[in-house]
Amino acid sequence: MHFESLNIIEPILRSLKEEGYTSPTPIQEQAIPIVLKGNDLLGCAQTGTGKTAAFVLPILNRLLVGPENLTRALIVTPTRELAEQIHQAIQILAEGIRPRSMAIYGGVSSKPQIQALSKGFEILVACPGRLLDLIAQGRANLSNIEILVIDEADRMFDMGFLPDIRAILKHLPAGRQTLLFSATMPPQINALAS
Ligand code: AMP
(Lines give C-alpha, C1' and ligand atoms only; values in the text may rest on other atoms or scores of the structure.)
Protein backbone atom coordinates (compact mmCIF):
# COMPACT_ATOMS: atom_id res chain seq x y z
CA MET A 1 0.00 0.00 0.00
CA HIS A 2 1.10 3.58 -0.72
CA PHE A 3 0.19 6.87 0.95
CA GLU A 4 -1.38 8.00 -2.37
CA SER A 5 -4.13 5.39 -1.99
CA LEU A 6 -4.94 6.80 1.48
CA ASN A 7 -5.93 10.11 -0.16
CA ILE A 8 -3.09 12.06 1.41
CA ILE A 9 -2.73 15.21 -0.65
CA GLU A 10 0.26 16.27 -2.73
CA PRO A 11 2.26 18.71 -0.55
CA ILE A 12 2.15 16.22 2.32
CA LEU A 13 3.12 13.31 0.04
CA ARG A 14 6.22 15.31 -0.87
CA SER A 15 7.24 15.64 2.80
CA LEU A 16 6.68 11.91 3.29
CA LYS A 17 8.97 11.11 0.35
CA GLU A 18 11.63 13.47 1.69
CA GLU A 19 11.41 11.75 5.07
CA GLY A 20 11.82 8.35 3.40
CA TYR A 21 8.38 7.09 4.43
CA THR A 22 7.65 4.72 1.54
CA SER A 23 4.53 2.99 2.84
CA PRO A 24 2.18 3.45 5.77
CA THR A 25 2.66 1.41 8.93
CA PRO A 26 -0.30 -0.82 9.99
CA ILE A 27 -1.71 1.77 12.43
CA GLN A 28 -1.46 4.45 9.73
CA GLU A 29 -3.12 2.19 7.16
CA GLN A 30 -6.01 1.50 9.53
CA ALA A 31 -6.40 4.89 11.21
CA ILE A 32 -5.94 7.41 8.37
CA PRO A 33 -9.07 6.49 6.32
CA ILE A 34 -11.24 6.58 9.47
CA VAL A 35 -9.89 9.96 10.56
CA LEU A 36 -10.16 11.45 7.06
CA LYS A 37 -13.85 10.47 7.02
CA GLY A 38 -14.31 12.63 10.14
CA ASN A 39 -15.04 9.68 12.44
CA ASP A 40 -13.90 9.31 16.03
CA LEU A 41 -11.18 6.73 16.68
CA LEU A 42 -9.98 4.61 19.56
CA GLY A 43 -6.46 3.43 18.69
CA CYS A 44 -4.45 0.84 20.59
CA ALA A 45 -0.87 1.61 19.65
CA GLN A 46 2.49 1.95 21.34
CA THR A 47 5.27 4.41 20.63
CA GLY A 48 7.36 3.15 17.70
CA THR A 49 4.38 2.00 15.60
CA GLY A 50 4.11 5.26 13.65
CA LYS A 51 1.07 6.42 15.65
CA THR A 52 2.15 10.09 15.62
CA ALA A 53 1.93 10.27 11.82
CA ALA A 54 -1.33 8.26 12.01
CA PHE A 55 -2.98 11.30 13.57
CA VAL A 56 -0.75 14.10 12.24
CA LEU A 57 -1.20 13.21 8.55
CA PRO A 58 -5.03 13.34 8.49
CA ILE A 59 -4.98 16.47 10.69
CA LEU A 60 -2.72 18.23 8.18
CA ASN A 61 -4.89 17.01 5.31
CA ARG A 62 -7.95 18.50 6.95
CA LEU A 63 -6.42 21.80 8.08
CA LEU A 64 -5.03 22.60 4.64
CA VAL A 65 -8.51 23.85 3.84
CA GLY A 66 -10.50 26.22 6.01
CA PRO A 67 -9.64 29.15 8.25
CA GLU A 68 -6.07 30.05 9.19
CA ASN A 69 -4.75 31.52 12.47
CA LEU A 70 -7.39 29.70 14.51
CA THR A 71 -6.50 26.82 16.82
CA ARG A 72 -8.38 24.00 15.08
CA ALA A 73 -6.57 20.89 16.35
CA LEU A 74 -5.55 20.07 19.92
CA ILE A 75 -3.20 17.20 20.80
CA VAL A 76 -2.97 16.46 24.52
CA THR A 77 0.00 14.39 25.60
CA PRO A 78 1.45 13.55 29.04
CA THR A 79 5.04 14.82 28.95
CA ARG A 80 7.01 17.75 27.72
CA GLU A 81 9.30 15.39 25.75
CA LEU A 82 6.34 13.87 23.91
CA ALA A 83 4.87 17.33 23.25
CA GLU A 84 8.17 18.42 21.68
CA GLN A 85 8.46 15.18 19.66
CA ILE A 86 4.95 15.58 18.24
CA HIS A 87 5.56 19.27 17.51
CA GLN A 88 8.80 18.35 15.66
CA ALA A 89 7.03 15.60 13.69
CA ILE A 90 4.40 18.14 12.61
CA GLN A 91 7.07 20.63 11.55
CA ILE A 92 8.73 17.97 9.38
CA LEU A 93 5.53 16.67 7.79
CA ALA A 94 4.04 20.17 7.32
CA GLU A 95 7.15 21.65 5.78
CA GLY A 96 6.27 24.34 3.26
CA ILE A 97 2.55 24.22 3.97
CA ARG A 98 0.31 26.26 6.19
CA PRO A 99 -0.85 24.40 9.28
CA ARG A 100 1.60 25.34 11.99
CA SER A 101 1.93 23.96 15.47
CA MET A 102 3.15 25.11 18.83
CA ALA A 103 3.88 23.13 21.98
CA ILE A 104 2.87 24.20 25.47
CA TYR A 105 4.02 22.49 28.67
CA GLY A 106 5.01 23.30 32.21
CA GLY A 107 8.41 23.57 33.84
CA VAL A 108 9.36 26.54 31.65
CA SER A 109 8.25 30.18 31.56
CA SER A 110 4.72 30.60 30.21
CA LYS A 111 5.53 34.02 28.69
CA PRO A 112 6.77 32.86 25.26
CA GLN A 113 3.89 30.38 25.11
CA ILE A 114 1.37 33.15 25.83
CA GLN A 115 2.95 35.35 23.14
CA ALA A 116 2.85 32.50 20.62
CA LEU A 117 -0.78 31.70 21.49
CA SER A 118 -1.81 35.26 20.69
CA LYS A 119 -0.45 34.80 17.13
CA GLY A 120 -2.82 31.92 16.38
CA PHE A 121 -1.37 28.53 15.53
CA GLU A 122 -3.59 25.97 13.85
CA ILE A 123 -2.34 23.02 15.93
CA LEU A 124 -1.73 23.09 19.67
CA VAL A 125 0.29 20.27 21.25
CA ALA A 126 -0.17 20.53 25.00
CA CYS A 127 0.45 18.91 28.35
CA PRO A 128 -2.72 19.02 30.48
CA GLY A 129 -1.55 21.09 33.49
CA ARG A 130 -0.11 24.06 31.60
CA LEU A 131 -3.00 24.02 29.15
CA LEU A 132 -5.50 24.31 32.01
CA ASP A 133 -3.46 27.16 33.54
CA LEU A 134 -3.52 29.05 30.26
CA ILE A 135 -7.25 28.40 29.80
CA ALA A 136 -7.88 29.76 33.33
CA GLN A 137 -5.88 32.88 32.44
CA GLY A 138 -7.97 33.36 29.29
CA ARG A 139 -4.89 32.84 27.10
CA ALA A 140 -5.89 29.65 25.29
CA ASN A 141 -9.08 29.68 23.24
CA LEU A 142 -10.33 26.20 22.40
CA SER A 143 -13.70 27.22 20.96
CA ASN A 144 -12.61 26.50 17.36
CA ILE A 145 -11.20 23.02 17.95
CA GLU A 146 -12.33 20.61 15.23
CA ILE A 147 -10.11 17.65 16.17
CA LEU A 148 -8.93 16.54 19.60
CA VAL A 149 -6.22 13.90 20.03
CA ILE A 150 -5.73 12.32 23.44
CA ASP A 151 -2.31 10.71 23.12
CA GLU A 152 -0.89 8.05 25.48
CA ALA A 153 -4.14 8.03 27.45
CA ASP A 154 -3.03 5.18 29.75
CA ARG A 155 0.13 7.07 30.69
CA MET A 156 -1.93 10.17 31.46
CA PHE A 157 -4.09 8.03 33.72
CA ASP A 158 -0.97 6.62 35.48
CA MET A 159 0.30 10.17 35.96
CA GLY A 160 -3.02 11.31 37.51
CA PHE A 161 -4.06 13.52 34.59
CA LEU A 162 -7.55 12.12 33.94
CA PRO A 163 -9.32 14.85 36.00
CA ASP A 164 -7.37 17.45 33.99
CA ILE A 165 -8.42 15.78 30.72
CA ARG A 166 -12.05 15.83 31.80
CA ALA A 167 -11.69 19.54 32.72
CA ILE A 168 -10.18 20.29 29.29
CA LEU A 169 -13.05 18.48 27.53
CA LYS A 170 -15.48 21.01 29.05
CA HIS A 171 -13.80 23.79 27.05
CA LEU A 172 -14.08 22.05 23.67
CA PRO A 173 -16.93 22.23 21.15
CA ALA A 174 -19.23 19.21 21.45
CA GLY A 175 -19.26 18.57 17.70
CA ARG A 176 -15.51 17.98 17.41
CA GLN A 177 -13.83 14.81 16.16
CA THR A 178 -11.98 12.88 18.90
CA LEU A 179 -9.08 10.45 18.54
CA LEU A 180 -7.86 8.57 21.58
CA PHE A 181 -4.60 6.59 21.53
CA SER A 182 -3.51 4.29 24.30
CA ALA A 183 -1.02 1.41 24.53
CA THR A 184 -3.33 -0.44 26.94
CA MET A 185 -7.04 -0.14 27.69
CA PRO A 186 -7.60 -0.15 31.46
CA PRO A 187 -11.26 0.31 32.55
CA GLN A 188 -10.65 3.98 33.35
CA ILE A 189 -9.60 4.67 29.76
CA ASN A 190 -12.60 2.77 28.45
CA ALA A 191 -14.80 4.93 30.67
CA LEU A 192 -13.12 8.11 29.38
CA ALA A 193 -13.53 6.93 25.78
CA SER A 194 -17.22 6.23 26.37
P1 AMP B 1 5.99 6.94 16.55
O2 AMP B 1 5.40 5.60 16.85
O3 AMP B 1 4.97 7.88 16.05
O4 AMP B 1 6.79 7.47 17.71
O5 AMP B 1 7.01 6.74 15.31
C6 AMP B 1 8.18 5.97 15.40
C7 AMP B 1 9.16 6.30 14.29
O8 AMP B 1 8.71 5.79 13.03
C9 AMP B 1 9.42 7.77 14.07
O10 AMP B 1 10.82 7.98 14.02
C11 AMP B 1 8.81 8.10 12.73
O12 AMP B 1 9.54 9.08 12.04
C13 AMP B 1 8.89 6.77 12.01
N14 AMP B 1 7.79 6.54 11.05
C15 AMP B 1 6.48 6.84 11.22
N16 AMP B 1 5.76 6.45 10.15
C17 AMP B 1 6.62 5.90 9.27
C18 AMP B 1 6.46 5.31 7.97
N19 AMP B 1 5.28 5.20 7.36
N20 AMP B 1 7.59 4.83 7.34
C21 AMP B 1 8.77 4.93 7.96
N22 AMP B 1 9.00 5.47 9.17
C23 AMP B 1 7.92 5.95 9.83
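**View A. Asn69 in the loop between helix H3 and strand S2.** In this predicted model, Asn69 sits in the loop that joins helix H3 (51–63) to strand S2 (73–76). Its phi is near 65°, a positive value in a residue other than glycine. How exposed is Asn69? With a relative accessibility of 40%, Asn69 counts as partly exposed.

**View B. Asn7 in the segment before helix H1.** Here is another asparagine to look at: Asn7 belongs to the segment that precedes helix H1 (10–19). Phi of Asn7 is near 65°, again a positive value in a residue that is not glycine. Asn7 has a relative accessible area of 58%, so it is exposed, the cut-off being over 50%.

**View C. The residues around the ligand.** Take a tour of the shell, which includes Phe3, Tyr21, Ser23, Pro24, Thr25 and Gln28, along with Thr47, Gly48, Thr49, Gly50, Lys51 and Thr52. By class, the shell divides into 3 nonpolar, 8 polar and 1 charged residue. Which atoms of Gly48 and Thr52 lie by oxygen atoms of the ligand? For Gly48, a backbone N or O atom lies 2.6 Å from a ligand oxygen. A polar backbone atom of Thr49 is 3.0 Å from an oxygen atom of the ligand. For Thr52, the atom is an N or O in the side chain, at 2.6 Å from a ligand oxygen. Taken alone, the ligand exposes 500 Å², and the protein buries 65% of that.

**View D. Lys51, a buried lysine in helix H3.** Lys51 is one of the residues around the ligand, and its place is in helix H3. Buried or exposed? Lys51 has a relative accessibility of 5%, so it counts as buried, the cut-off being under 20%. Beyond its neighbours within four places in sequence, Lys51 is in contact with Ile27, Ala45, Gln46, Asp151, Glu152 and Phe181.

**View E. The largest nonpolar core and Leu57.** This core has 37 residues, and those with the most contacts inside it are Ile8, Phe55, Leu57, Ile59, Ile75, Ile90 and Ile123. Elements giving two or more residues to this core include H1, helix H2 (26–36), S2, helix H4 (80–93) and strand S6 (177–182). Which element gives the largest share? That is H3, with 8 residues. Zoom in on Leu57 and you will find that it touches Phe3, Ile8, Ile12, Leu16, Ile32 and Leu93, leaving out residues up to four places away in sequence.

**View F. A second, separate core.** This core has 29 residues, among them Ile104, Ile135, Ile150 and Ile168.

Terms used. Residues numbered from 1 in each chain as written. Predicted model: local features only at pLDDT ≥ 70, side-chain atom pairs only at ≥ 80, totals over all residues. Heavy atoms only, no water. Helix = DSSP H or I, 4+ residues; strand = E, 2+ residues; numbered from the N terminus. Buried < 20%, exposed > 50% of the residue type's maximum accessible area, 1.4 Å probe, protein only. Contact = heavy atoms within 4.5 Å. Near = heavy atom within 4 Å. Polar contact = N/O pair within 3.5 Å; in protein donor to acceptor, adjacent residues only side chain to side chain. Areas by Shrake-Rupley, 256 points an atom, 1.4 Å probe, with all protein chains shown as cover. Nonpolar A, V, L, I, M, F, W, Y, C, P; charged D, E, K, R; others polar. Core = buried A, V, L, I, M, F, W, Y, C linked by side-chain atoms within 4.5 Å.
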